[in-house]
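Please keep the structure in view while reading.

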Amino acid sequence: MKTVLIVEDEAVNAIFMKNFFLKSGFEVFDPVKTGEEAIRMADENTVDLIIMDIQLIGEIDGITAMQKILEYKTIPHIYCSAYNQKDIIERANTTSPIAYLTKPVDVTLLKALVKGYF
């Protein structure tokens, strides 16, 4: 079974994502709220997909966390963010995500992306 790590500091969005992936047949870790927690979880576990918010609580944002994770592991990832500014998207794209989705997330699109990738 494929595993998903959700990095989201807004509880409603985290619960929505967790339920979506559970219903889609994935094993889902409890969502984490900080980039630092994401790095630790990715380091300590086998993760097949990361759903990463950009703006997180803590010292580092989601893009920086993903950059650090990719230094030692190759993990497919999808950014889900309320930010759609060109400079943020360009910075996110340096990590080669599967996609960059803006909130509120289009469930049909997310389902198609995940199905197409796995």
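Helix H1 (residues 11-23) and helix H5 (residues 107-117) have axes that come within 12 Å and cross at roughly 50°. Helices (H or I, at least four residues) and strands (E, at least two) are DSSP runs, numbered from the N terminus. Axes are lines fitted to C-alpha atoms, for helices over the stretch in contact, and angles run from 0 to 180 degrees between N-to-C directions. H1 and H5 are therefore oblique to each other, since angles under 35 degrees count as roughly parallel, over 145 as roughly antiparallel, 65 to 115 as roughly perpendicular and the rest as oblique.

On the side of H1, the contact (heavy atoms within 4.5 Å) is made by Phe16, Met17, Phe20 and Phe21, and on the side of H5 by Val107, Leu110, Lys111 and Val114. Seven of the residues in this contact are nonpolar, none is polar and one is charged; Ala, Val, Leu, Ile, Met, Phe, Trp, Tyr, Cys and Pro count as nonpolar, Asp, Glu, Lys and Arg as charged, and the others, Gly among them, as polar.

The model is predicted: local features need pLDDT of at least 70, side-chain atom pairs count only at pLDDT 80 or more, and totals for chains, interfaces and linings use all residues. Residues are numbered from 1 along each chain as its sequence is written, and side-chain values use heavy atoms, with hydrogens and water left out.

Most residues other than glycine have a negative phi, and most peptide bonds are trans. The loop between strand E5 (99-102) and H5 contains Pro104, and the peptide bond from Lys103 to Pro104 is cis, with omega near 0°. Ser96, in the loop between helix H4 (86-93) and E5, has a positive phi near 55°.
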